[in-house]
Amino acid sequence: MNRSWSRRSLLGLLGWSGAIALSGLGERAQAQALDDLLEAGRQAYHEGRYREAIALWQSVLEPATQRGDRETLGLVASYLAWAHLQFSETTAAQAWVDRGRSALAGGLSAAVAARLWGAAGATAALQQQWSLAEQAFQMAAQQYQAAGDPVGTLNSQIDEAAVWQGAGNQRRALVRLWDLQHHWQQEPPREPEAIAVRARGLHRLALALLLAEDFEQAWQAAIAAKPVLGAAAELTLAQIASRRATMGESATKQATWAETAIEHYHAVILGPDPTLWRSAMVGRLELATERGRPESSEWAEQLRLAAQRWTGGRSTVALQLAAARALSQLNQPMPMAQVLSLVQRAQQQATSLGDRALLGWAWQLRGQVLAQGGDRAGAAQAARSALEQWEPLDRPEWNYEALWLLGRMAHHLGQTREALAAYRLAAEAAQAARSSLAGLSVRLPGLHTEGVQGWLDRAEPLYRQQMGLLFASAETSDRIEASQQLQNLQLQRIENFLQCRLDNPAPSDLLQLADSTTDERAAVVVVAITELPPDLASGSANRSIDTLVRWKDPQTGQERQNLHRQPINQSDLDKLLQRLNRNFRTMGRGRALQPDSQQLYRWILEPHRPILTAAGINLLVCVLDPSLRNLPIDALFDGERYLVESFALSIAPDVKLDPASDRGRRGPALWAGLSESREDLPALAPVPQQLAQLGKLLKGQILLNQEFTPTALTQALVSQPITVLHLATHGRFSSQRDHTFLLTWEGKLNMEDLDQLLKERRAKRSEPLDLLTLSACQTATGDRYETLGLAGLAVRSGARSLVSSLWNIPADDAANRLFSEFYRGWLAGLSKARALQQAKLKLLSDRGDLAADPHYWAAFVLIGDWR
């Protein structure tokens with residue numbers, strides 16, 4: 001929920017040494033007595049007897065002052081600051097830090113100065129004064145380096161990374177910790193203190209990798225830290241397994257990871273560290289609730305009774321709030337009064353600590369519980385109080401949750417405009433949070449993190465609810481905003497896939513572009529799966545498929561709109577889409593898929609058909625929900641005909657289009673492909689004929705089989721003004737970069753290879769790639785966002801248009817005939833959308849049985865510029 005500064009992170013590994021003194025002793029005896037007192041205090045500290053340690057160290061102050069011993073005074077000041085931090089007594093800790101700085105001004109050794117700066121950093125961090133904490137740890141690292149203490153230097157660098165994590169700069173922390181791991185691989189530590197510092201760094205790295213969703217390497221880092229850190233690393237292993245139990249793996253794997261997580265949680269709960277076993281109790285209940293385990297009720301009651309007795313500082317308050325949140329999310333909710341009682345207790349402690357972050361979370365959680373109980377006005381006020389507490393902290397990843405709650409409550413209170421305003425602010429905050437987390441997409445030697453896909457999955461309902469409210473509005477501008485939000489959602493997923501920010505992400509004015517298309521009457525069709533804000537008290541959600549058609553009135557030139565909202569059951573829709581995907585990809589299932597195809601047509605297009613016909617529309621530029629982009633929309637069946645028989649169709653581009661179509665430019669082309677089997681993938685016998693036929697239509701170079709290598713492809717694209725690139729080779733596209741590739745003679749080109757190849761072309765060539773075609777590729781089956789690979793390639797290549805197959809059709813002449821007809825029509829002056837439609841219609845007319853089986857002709861889709 002929030003990033004509490006853990007005790008272990010604050011303490012570090014200081015390597016203590018010290019004692020007490022009595023008057024009347026000689027110089028040497030006095031010095032020995034002081035050392036004995038310092039040592040006794042250190043012993044008490046390490047055994048958790050912090051008050052006793054404070055008393056022992058304070059007894060050193062007077063004799064050290066009388067002796068003018070600045071070194072001891074500075075050392076004791078740092079010790080006392082650390083001791084007070086164990087009770088979250090930041091005022092007392094800050095006072096000792098300030099007193100130590102007075103000694104520092106008079107001149108101290110680098111070793112003592114380093115300890116003082118470390119205490120100053122920890123004190124600032126506990127108060128979430130991140131900039132001050134960062135500066136202090138930087139000074140500590142410099143002083144340790146000056147003192148010739150490499151272990152202390154590394155430990156301070158870990159502290160600095162922990163500050164960045166607390167401040168939300170996750171990428172910077174991840175890069176630092178990864179660099180430290182590389183250092184330890186090159187120079188393995190041998191001394192016990194150095195080994196302990198390495199374990200602490202690896203544990204921090206495991207937490208950073210977990211946030212970055214690199215679960216494999218997070219697991220390895222936690223395993224490496226476990227021999228030294230024990231239960232702390234065990235808890236992290238449980239958290240990693242919990243995430244894997246709820247992510248998109250098979251049901252069997254999810255169940256296995258869930259059991260693994262429970263085992264690790266149990267091991268921590270049986271341990272002695274209260275902070276760790278409390279965290280484990282919360283995590284265990286959250287996982288059990290998510291998985292619907294029968295032990296949930298028993299574990300919930302255990303947690304409630306335990307959390308009521310928890311006392312301590314900031315970390316304890318954070319855990320009380322986490323416990324209350326877990327109890328509020330049970331499948332059979334606990335009585336509201338019991339949860340609110342726990343929230344109230346945490347809220348009082350957060351107030352006494354003066355901790356805005358925790359107080360904001362207490363208000364936010366109170367709002368959620370009140371909303372579940374039906375007190376919408378109270379929930380809205382609580383959300384406002386949370387925002388008031390967080391306002392100075394600049395944490396958009398927190399703000400969006402409170403704004404989201406505020407929007408939901410305003411909607412159910414009948415405050416439509418207030419609800420829309422809150423949702424807009426929530427979406428802006430979520431976008432800002434994603435932008436900061438997007439930095440977790442890190443590409444370093446040995447480190448390839450995917451970043452924020454899981455976080456975006458959690459935020460997606462916010463965007464869909466906002467779209468639902470906007471489509472429900474009677475305002476034309478609101479509906480256009482909903483369309484742009486759908487494009488923005490797809491764009492965010494593409495940026496996550498590509499692991500970069502795009503230079504031209506603003507959605508184009510599609511209607512203006514579509515209307516400017518010569519010889520076409522175009523309409524923009526937006527299809528989004530949305531929901532209205534759910535009622536948290538009843539848990540009900542109103543989902544629908546919203547279809548908005550936009551076109552220009554030929555008489556007045558004014559925009560016209562028509563909206564249809566089709567209520568749906570999400571489970572029924574998911575099953576229908578799964579059947580369609582399976583049947584489209586299977587030969588001979590044409591008749592079997594027609595009922596589902598017709599049902600989807602009725603939901604999204606049938607209500608608009610009379611309007612489209614009356615307006616003379618013959619081109620549809622589609623902005624599709626991501627879950628629909630893996631279907632050939634022009635193969636939808638109206639009961640008599642397929643949609644392709646009435647309309648040319650294009651999937652709208654995901655980035656801003658250049659208004660100038662440059663339709664007069666044709667070639668030169670590069671025709672490349674494989675016909676022989678490579679990498680255990682089957683031969684593509686029709687490819688030589690395909691490339692030969694196309695080479696006759698448009699002048700260009702041909703790279704076939706042994707000639708089709710990454711080097712040859714790069715050289716051709718860099719040395720020639722290629723505007724058409726046609727690849728007839730195996731390819732696979734998925735929502736995961738590592739599962740996306742194109743096959744060459746020398747092996748698979750993954751996204752990293754493609755990025756580098758295209759980067760070289762952009763550096764040497766100024767002319768845009770007008771058309772990229774992929775004639776033997778397929779998208780991954782069973783992947784919810786399988787077309788992200790295609791969309792990502794379209795964007796990354798810089799191609800204005802992409803024509804690709806969604807699945808690989810049989811090795812006959814169907815693809816050859818389709819591409820010959822497509823290029824022939826396009827080169828004759830047809831738009832790409834019209835040329836592709838005519839090519840499909842030619843197959844329909846020439847091969848009668850194909851009309852009943854779209855498997856052969858419907859696989860090919862046009863993405864991007866339809867002109």
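Of the 867 residues of the protein, 59% count as buried. Do keep in mind that this is a predicted model. The secondary structure comes to 33 helices and 15 strands. As for contacts with a separation of 6 or more, residues 24 or more positions apart account for 70% of them.

| Helix pair | Crossing angle | Axis distance |
|---|---|---|
| H11 (residues 215-229) and H12 (residues 231-246) | roughly 160 degrees | within 7 Å |
| H14 (residues 274-291) and H15 (residues 296-307) | about 150 degrees | 10 Å |

How do H11 and H12 run relative to each other, roughly parallel or roughly antiparallel? With their axes crossing at roughly 160 degrees, H11 is roughly antiparallel to H12, since angles over 145 degrees count that way. The crossing of H11 and H12 is left-handed. On the H11 side, the contact is made by Phe215, Glu216, Ala218, Trp219, Ala222, Ile223, Ala225, Lys226 and Leu229. H12 contributes Ala231, Ala232, Ala233, Glu234, Thr236, Leu237, Ile240, Ala241, Arg243 and Arg244. Sorted by class, the contact of H11 with H12 holds 13 nonpolar residues, one polar residue and five charged residues.

Glu234 sits in helix H12. Is Glu234 buried or exposed? Its relative accessible area is 12%, so Glu234 is buried, the cut-off for that being under 20%. Setting aside neighbours within four places in sequence, Glu234 is in contact with Lys226, His264, Ala267 and Val268. Of these partners, Lys226 is also among the H11 residues that make the contact with H12.

From H14, the contact takes in Met281, Val282, Arg284, Leu285, Ala288 and Thr289. From H15, Ser296, Trp299, Ala300, Gln302, Leu303 and Ala306 take part. By class, the contact of H14 with H15 has eight nonpolar residues, three polar residues and one charged residue.

Now for a single helix, H28 (residues 687-697). Which residues of H28 are buried? They include Val687, Gln690, Leu691 and Leu694. These residues cover an arc of only 90 degrees around the axis, which puts them on the same side of H28.

The phi of Glu679 is near 55 degrees, a positive value in a residue other than glycine. With a relative accessible area of 46%, Glu679 is partly exposed.

Although Asn705 is not a glycine, its phi is positive, at about 55 degrees. Where does Asn705 lie? Its place is the loop between strand S9 (700-704) and helix H29 (710-719). Asn705 counts as buried, at 6% relative accessibility, whereas Glu679 is partly exposed.

Key
Residues numbered from 1 in each chain as written. Predicted model: local features only at pLDDT ≥ 70, side-chain atom pairs only at ≥ 80, totals over all residues. Heavy atoms only, no water. Axes fitted to C-alpha atoms, helices over the stretch in contact; angles between N-to-C directions. Helix = DSSP H or I, 4+ residues; strand = E, 2+ residues; numbered from the N terminus. Parallel < 35°, antiparallel > 145°, perpendicular 65-115°, else oblique. Left-handed = near helix turned anticlockwise from the far one by under 90°. Contact = heavy atoms within 4.5 Å. Nonpolar A, V, L, I, M, F, W, Y, C, P; charged D, E, K, R; others polar. Buried < 20%, exposed > 50% of the residue type's maximum accessible area, 1.4 Å probe, protein only. Arc of directions from axis to C-beta.
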